Each structure stands twice: as C-alpha cells, then as structure tokens.
Amino acid sequence: MKKSDLTGWKNVYAFTFLQHYKSKAAIIALILMCLAVIASGPVLAMIGGEGIENTLDSMTECKIEEIYLRNETDFEFDTEKFISEKPYYKNVKFIKTDDPLETVKEKFKSDSTKDVIVNISLDTEEDIYKIDLYRSQASEIDTTVMSVLSEIIEEYFYDCRVSQLGITEESFELINAKVKAEVVDTETDDEKEDDDSFNTVMSGVIMAYAMVVMMIVLISSQQIGASIIIEKSSKVIETLMISVRPLALIVGKIFGTITILLCDFVALLISGIISGVITTVMTAKKMNEILNIVTSSMSDIGNGFSPGSAEAAAFTGGIDISIGRIVFGIFAVLMTTILAYLLYAVISGISGASCSNVEDLSGASTFISMITLVGLYLCMGVTAINNDVVTTISYFFPFSGMYIVPVHFIFGKTGIVTVFILWAELIVLTVILFRFAARIYHVLVFHKGERIKFKALLGIAKAEKGQGKQ
Amino acid sequence: MSLTVNGLSKKYGEKTVVDNLSFEIKEPGVYALLGTNGAGKTTSIRMILGMLASNSGEVIWKGEPLDAVKCNVGYLAEERGLYPKYTLMDQLVYFARLRGVSKSDALDRIKYWSDRFEVNEYIYPEKNAKGKKIPMKKPEQLSKGNQQKIQLISALLSDPELLILDEPLSGLDPVNTDLFKSVIYEQIEKKKYLIMSSHQMPTIEEFCTDITILNKSKTVLQGNLNEIKKSYGRVNLFVKCESDIKALIKECGITLVNQKESEYILKVTGEEQANNLLSKMIEKKIMIIRFELREPSLHEIFVEKVGGDSEEK
C-alpha cells in the first residue's frame, strides 16, 4: 500500500458527510429523533414519573363529593385520619356502609355523578387484599382522579395494616418477604449471593451495550454498502476511479459515516440533556429545589465518584468498582466500539462492492447479519450460562468479544490484558480485510452481474496477487 | 512530451482480453482506438489510466509511468454516470476537487463550461417571479445528451493535458454532436493529447491522425491514418452520369459494388482501369457529373480487417 493510495480520501470524506446532511430525509429523520428524545422525559414525567404527591398538588380542586366506603376486612379505615393526612380530600364526605355491594351500586346509579364507591375486601383464593373503585357511567370524575385516589387509598390501607398490627414497617416487610429455597455447592456458597446480584446487573449492561454497538455497526455498515452500490449502479464509480484510488474512496466513506454517526449521537445527547432540564424544571416545583439539584450536581462533578460511594453504587448496582477501572472502562467501551465499527465498515465495503445493484444488497448483508447474530448469541450465552469455557471463547471471538469484554472489564470480571488482546484481534482482522479489499477492490468496482461469492473473492485476490500493478 | 504504451496485456483467468498493446503519441492531437465490441478498447483505456492492473506492460507519460491520480488527466467514461440524487453543482465541484482543482477555480470553470454546453438551467437554480428558487431537475431526470454534457464538463474541469474520450459522440443528436466536436477541436488547438475510442468512423477520420484497430484483444492494424489509406491505393471509384454505363463497366472489367439511379460505386484494381473507363465515357460523349477515384474509407478498412470476426458482447 502506497501513500498515493489514500490521496483524495479527505474530499471523499467531506463529500460523504456534507451530502448526508444536505439530504432533507436525513435532516427530517434527525429532527424527529431529537424531538422524540426531548419530549420523552417530560411526557414520561407527566404520565407517571412525578410521584403521587406532586400529582395531587398539581391537580385542581377535588371533584369528588362523596365516597361510599365498604370495608370487608378486619382493619379499620380511619377516614378522619385519612382526610387529615390528605387535605386534598378535605371536602369529600366519606360514607361508611355495610350494605351489600350490589345494593350500594344500585343506589349509586340513581345518585350524583360526583360520587365514588371504594370496596376493600380480602380475596381468600388469591390471598390478597383488593381495593375496587367504582364510578357511574355518567361520572364527571376523570380516570386520572380515580387512579390517583386508588393509589392513595392503597398506600393508606398499607399504613393502616402496619399500625394496627402493632409492628414496625420493617417487621411487616420481613413477615411478607418471600422465601426462596435453593441447592448450592458448598465451595461457591460464600460467593453465591454476591454473584447473583453482580451477574444480573452485568448481564443487563452487556445486553444494553451489545444492542447499542450492534445498532451502530449495522446501521453504518448498511449505509456504507448502500453508498458503494449506488456509485456502482449509477456508474459514477468509473469517473471517480480516475481521480481517487479505491482505498481512498472506502476510507473516506468509512470516516464520513462515522462522523455522521458521531454528529447524530451528539445531537441526540444534547436533546437528552435538554429533555432532562425540561423534566427537572417541570418536576422541581420551587426554584430552590432546582438550585439544590444544580448545586448537588456541581458538587458531584467537583468531588468525582469515590469508590464505594452511593453514586458509584447506584451506577454499578451496588457493586464496588474503582474509579480507575470505570474511567479506563469507558475508554475501552469507546475504543472497542470504534474498532468494531471499522471492522464492520471494511466488511461492508467488500460486500457492497461485490454487488451490482441495490437488490443484491440484502444477499450481501446476510454474512454481516450472520456474524452479528453469532456474536450476539455467544454474548447471550455468556450472560445465561456462567461457564468459563464459553466465556473464554466469547472473549477471543472478536464478534462477541466486542460486546462482552469492555463490560466484563468494568465489572472486574476480566483484566486489561483481555481488552488489549481483543483490540489487537480487531485491529489485525481489520488490517487483513483492508489489505484484502485493497487487492480486489479495483476489480470489484467494475464488476457487473451477479453478486460475487466469498470463494470467488478469494480467487480474485489470488489472481491479483500475481499481477504487478503498473 | 509524449505518451507511450508498451506491451500492455490483461488476462482474466485463461482469457486474454488485451494482448500486447503498444502505441505512441509523439505529438499533440487525437489518437484513435478502434475495435469491435469486446475487442478490449475500454479495458485498454482502464489499464492506461491505472484503474485496472495489467498483467504486463507499461504506460509512460512525460518520461514517467502514468499515474492518473497524480497527473492531469481527463476521462469521459463509456458508461456515463452521475449520482442520481445530488445536485450537479455539488457533483462537479466534488469531481474537480478530487482532481486537485481549487474550489474557486472549479466554480469559474463550471460556469465557463455550463455556458458553453448550454446547461446553466440544470446547474444554477433559477428564481421565479416571487424570488423563490425553482426546484432543479435531478441528474437522473436529465436527458442522455445532457448527462453526457455534464460528464464531459467533469472531464474538462481540471484542464487536462491528456484527455481520454470513450465513445464521446454516441447517442448525441446532430446539434449536440457539433457542439462536442467543436470542444474537441478546441482541445486540439490547445495542443492537448487526446485518445478517442469510437465506432463512428467518419468522426475518427475527421479528428484522428493515428489509429490502432483492435480485434479480439489483438492489434490488427496500427499507424498513421493517411499512410494506411495510401497503402491500400485508390481503388474506390464513384461515378455520376446521365447515361447507363453498365456495359462500359463490364467492358473495362471493373467490379460494380452498388448502383443507385445514375450513381455508380465501383471497385477498380488501380488508376489505369479507372482512366480506361473515363476515356471510354468521353469517347461516347457521356455527360459526366462526377468522377472520383479515392482511397478506401476507414469504415472499409475497418470492416476488411475485422469483418467476419466481429464479436458482439
């Protein structure tokens, strides 16, 4: 490979990047995604993330006039205490009744549209307490008000049970705690409890990370493959080949596409921050609460996470991880994602060039989909089966290692050497494929007809090896 | 300054598609690369430009191996291609930048050539009465001729010293053919080196001084066009007269190739046979409108060299 093989890649890079953002479809799609991200926080907060007390505060005057309370349980429902604790319902008249539910319902039908029936009962078959709320068909009370009322009564009834049993809340929870029996080997007994929570958190992180990486590499490789096929099918490739070598062309496309992804990512990140700010402003009602949040955040940034701190524990699911490991881990995540992207980009460059038209692209993508699935299945295998052999294989198979190794490193399951070995594998594989592409690419770009299969590609590479370039 | 192609060969497996092609362009002008479909013209051009690796041979330009990426070369490919969705201006600037032309120079040259080829309306957005830009046609919506004009503009943007035109006039209407010809003449006047591949023999005869004819990957004829024609001798006789001269033709032993009313296309063995016919026509006081003895056309030479071996692919 000579230096001149890369002449012009910057022009290809700039063209790829600029043309993407000149496309109205791309801009509209990005704007829609950003708007969706911005809206998601406030919408979720409005739907249910803001807490029942805040919901009560934000609601207008209570429309309920009377609540018919039927309590079949042995626990007393103190309505006066309820009203004193929840002043929102201070104008509501509670009518306790022992009449059968059907009778209350009959009476209710002909009565006001601003009344509610609350029926508390014990379901002996399922062994649970049930709280049912009824309103008439013509009721003026909307669903939100009913939902809030049901949650508040449920919460209050729980408190009634605890207080009337004469025990503390902790004792009540201990009594209600489920019992799980399990057979465990004595050798692993001590580690078992820690491992369970550790593995659950780690599996979640691995799958989330794998999904993100998979989306990045698949979307970008699809874009690269498609752009190469467009140049081939529109026959513009021959005009390009006079000015730029195939390698410069593919390198420009690879870096152009990664820059596009990066810009989209930054735009979505900014949207996420905006969403967070809007959500905070919406949920933090008083200005001093906002200031507290800001001050607390600044303080956190100033101090950094300390090992074993509450913040770090929240981040890692209660597992103590050193700050150094987290920092290098984040770098490992970024580096591995970039290397994975480069590997997939070169593979897509070759598979895209082996096609003559867009229709062939799905066939060419089969190989990419297959290796991605193999990697993902191995990744799932590691999270499901805690087996050393499977884990080791998945570490050193680049298409699964790219998902697992950085996360396992962060959680201290593997060392820095494994990360370096994975990087070395990815780099070597990318370089080999890049050199392979360099050898066959100029033949592929002029290929017309059926998609060239892998065996034929090897044949071309072999034939080209014997030919001296001018 | 000259271009030398020396022993260029290309094989795909066992099949040889270009076999030991050699020629030299010593002076500025147009060199023709002729051949039937599948003879190896486009492959030869791609090898000359370094797009395809050759099995053997070399291309020397100005005393050094030709590297199209580094040298100022323009190329009009046989298969015209433009990005279907991007604007023509963006594409032309991109192609010019790839050839090392600065953006400002590229914009100036695009303006010059778009005026020349009368394609301004496809490159520069026009405004309507309200001052709003009128949406331009996408490249995929342009006619073949207009696409070809854009392609030639992109080949000329770097003001190349060596210009390679693969079938430049195919598919053009007579008006655009003349427009293209005028641009080619302009390049010749500017002392540029041109290689042209075409099936249109009259065009080749119009422009080219030297030719190579390829047939089934091999060079079957090569040299200066005038010399080649001279070597064939003046054997084509065209006669237009007001009487029937079939009897005289037969008497002189001349071959009648074609006859259309009072026009006769004849094949003679030499000038003596033609003179003999002329003498007899004068003797019989036949009114002669035209009597022309000429060398074979390039078309005839081409057909003679590759006729029967022509392979359509």
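1. Confidence in chain A. The mean pLDDT of chain A is 80, and 83% of the residues score at least 70. Among the elements of chain A, H1(A) has the highest mean pLDDT (92), whereas helix H12 (residues 310-316) of chain A has the lowest (44). The pLDDT is below 50 over residues 300-319 of chain A. Where pLDDT is low, predicted coordinates should not be read in detail.

2. Domains. For chain A, the domain assignment gives domain 1 as 3-42 + 200-294 + 309-465 and domain 2 as 55-176. The C-alpha centres of these two domains of chain A are 53 Å apart. Chain B is assigned domain 1 (3-230) and domain 2 (234-294). In chain B, a distance of 43 Å separates the C-alpha centres of domain 1 and domain 2.

3. The interface. Contacts between the chains involve 22 residues of chain A and 31 residues of chain B. On the chain A side, helix H1 (9-22) and helix H9 (237-241) each supply at least two residues. The largest share of that side, four residues, comes from H9(A). By class, the side of chain A that touches chain B comprises eleven polar, six nonpolar and five charged residues.

4. Overall build of chain B. Eleven helices and 14 strands make up the secondary structure of chain B. Along the principal axes, the C-alpha atoms of chain B fill a box of roughly 75 × 55 × 35 Å. Of its 313 residues, 37% count as buried. Where contacts in chain B join residues at least 6 apart in sequence, 68% of them link residues at least 24 apart.

5. A four-stranded sheet in chain B. An open, antiparallel sheet is formed by four strands of chain B in the order E12-E13-E11-E14. Strand E12 (255-260) and strand E14 (288-294) of chain B each have a single partner strand, so one side of each is left without a neighbour in the sheet. On average, neighbouring strands of this sheet are turned by 15° against each other, direction ignored.

6. Pairing and packing within that region. Strand E11 (residues 236-241) and strand E13 (residues 263-267) of chain B are joined by five bridges in the antiparallel sense. Within this part of chain B, Val239(B) stands opposite Tyr264(B) in E13(B). Helix H10 (residues 271-283) of chain B lies across E11 and E14 of chain B and runs at about 170° to E14(B).

7. The surroundings of Pro168(B). This residue belongs to the loop between strand E7 (162-166) and helix H6 (174-189) of chain B. Pro168(B) counts as buried because it has 26 C-beta neighbours inside 10 Å, the threshold being 20 or more. Neighbours within four places in sequence aside, Pro168(B) is in contact with Leu76(B), Phe180(B), Met196(B) and Ser198(B). Phe207(B) is 39 residues away from Pro168(B) in sequence, with a C-alpha to C-alpha distance of 12 Å.

Technical notes. Residues are numbered from 1 along each chain as its sequence is written. Chains are lettered from A and ligands numbered from 1 in the order in which they are written. This is a predicted model: local features need pLDDT of at least 70, side-chain atom pairs count only at pLDDT 80 or more; totals for chains, interfaces and linings use all residues. Two residues are in contact if their C-beta atoms, placed from the backbone, lie within 7 Å. Ala, Val, Leu, Ile, Met, Phe, Trp, Tyr, Cys and Pro count as nonpolar, Asp, Glu, Lys and Arg as charged, and the others, Gly among them, as polar. A residue is buried if 20 or more other C-beta atoms lie within 10 Å of its own, exposed if 12 or fewer, and partly exposed in between; C-beta atoms are placed from the backbone. Two strands pair if DSSP finds at least two bridges between them. Axes are lines fitted to C-alpha atoms, for helices over the stretch in contact, and angles run from 0 to 180 degrees between N-to-C directions. Domain bounds come from an automatic or database domain assignment. pLDDT is the predictor's confidence in each residue, from 0 to 100.
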